[in-house]
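Reader: I would like to learn how to read the features of a model such as this one, with the cut-offs stated as we go. Could we begin with contacts between side chains?

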Amino acid sequence: MGFVNLATGEEQNISAPELITIAPEVPHRLRFEGPLRCRIDSFRQLDGDSTMPTPGTVVRDEVRQSFERCEAAGDFAQKFYDIFLNSSTEIGPYFAQTDFEKQRWLLRATVYMMVARDVSDIHMREAVDRIGESHSRAKLAVLPRLYELWLDSICEVVRSMDPEWADELEDHWRLHLRPGMQIIMSAY
């Protein structure tokens, strides 16, 4: 793959596992030769005024507080697996040899990380990349289409457990979990 800076005419060849950062104001073009698989992530710089929340901050806080209310109300992870495992006959075989005590702990830790951090956070990104690798075609081979069932199941659990549930809150959960979920899916 090639990167062409249209302002300077400079060209740069890129191959795996190289990463490049392209500033938003740089006019550019990407050149592809042959079959290609790549991932493009878009981020924005934080505002210089630290008192002004960036988009997603309010949603993140609201979703994190919702998760904490669910955890306080009962066993979030157990209810999740009761719903998720019954959401499709395709799900059960992935969990045939699972230690559910460990799995419930992993789910709570993963969901908390995803609601407490933004996908642009380097630690969050490293964690979802590791999850993606473990769920990839080469390892667990979790089919990408099943992640929507995962997200639907999360929202169903929150709807049943959060005493402050509102339809708008579901939109916020989906908005906040989807970027990490998509990174995991892209590793397939």
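Author: A polar contact is a pair of N or O atoms within 3.5 Å, where, within protein, one atom must be able to donate a hydrogen and the other to accept it, and where residues adjacent in sequence count only if both atoms are side-chain atoms. By that criterion the side chains of Glu 62 and His 172 are joined by a polar contact of 2.3 Å. This is a predicted model, in which local features need pLDDT of at least 70 and side-chain atom pairs count only at pLDDT 80 or more, while totals for chains, interfaces and linings use all residues. Residues are numbered from 1 along each chain as its sequence is written, and side-chain values use heavy atoms, with hydrogens and water left out.

Reader: Where is Glu 62 found, and how many residues apart in sequence are Glu 62 and His 172?

Author: Helices (H or I, at least four residues) and strands (E, at least two) are DSSP runs, numbered from the N terminus, and Glu 62 is found in helix H1, residues 57-73. Glu 62 and His 172 lie 110 residues apart in sequence, and their C-alpha atoms are 8.0 Å apart in space. Contact in general means heavy atoms within 4.5 Å; leaving aside neighbours within four places in sequence, Glu 62 is in contact with Leu 169 and His 172.

Reader: Is Glu 170 buried or exposed?

Author: Buried means under 20% relative accessible area, exposed over 50%, and partly exposed in between, with a 1.4 Å probe and protein chains only. Glu 170, in helix H6 (residues 167-186), has 15% relative accessibility and therefore counts as buried, whereas Glu 62, at 28%, counts as partly exposed. The side chain of Glu 170 is joined to that of Arg 159 by a polar contact of 2.8 Å, and, neighbours within four places aside, Glu 170 is in contact with Cys 155, Arg 159 and Trp 165.

Reader: Which residues is His 135 in contact with, leaving aside its neighbours within four places in sequence?

Author: With those neighbours left out, His 135 is in contact with Leu 140, Ala 141, Val 142, Tyr 147 and Tyr 188. His 135 belongs to helix H4 (residues 122-135) and is partly exposed, at a relative accessible area of 24%. The C-alpha atoms of His 135 and Tyr 188 are 7.0 Å apart, although 53 residues separate them along the chain. The side chain of His 135 also makes a polar contact of 3.0 Å with the side chain of Ser 134.

Reader: What is the phi of Ala 141?

Author: Most residues other than glycine have a negative phi. Ala 141, which is not a glycine, has a positive phi of about 55°, and it is found in the loop between H4 and helix H5 (146-161).

Reader: At what angle do helix H2 and helix H3 pack?

Author: Axes are lines fitted to C-alpha atoms, for helices over the stretch in contact, and angles run from 0 to 180 degrees between N-to-C directions. Helix H2 (residues 76-84) and helix H3 (residues 100-116) pack at about 105°, with their axes 9 Å apart. Angles under 35 degrees count as roughly parallel, over 145 as roughly antiparallel, 65 to 115 as roughly perpendicular and the rest as oblique; H2 and H3 are therefore roughly perpendicular to each other. Residues making the contact include Phe 76 and Tyr 81 of H2, and Leu 107 and Val 111 of H3.
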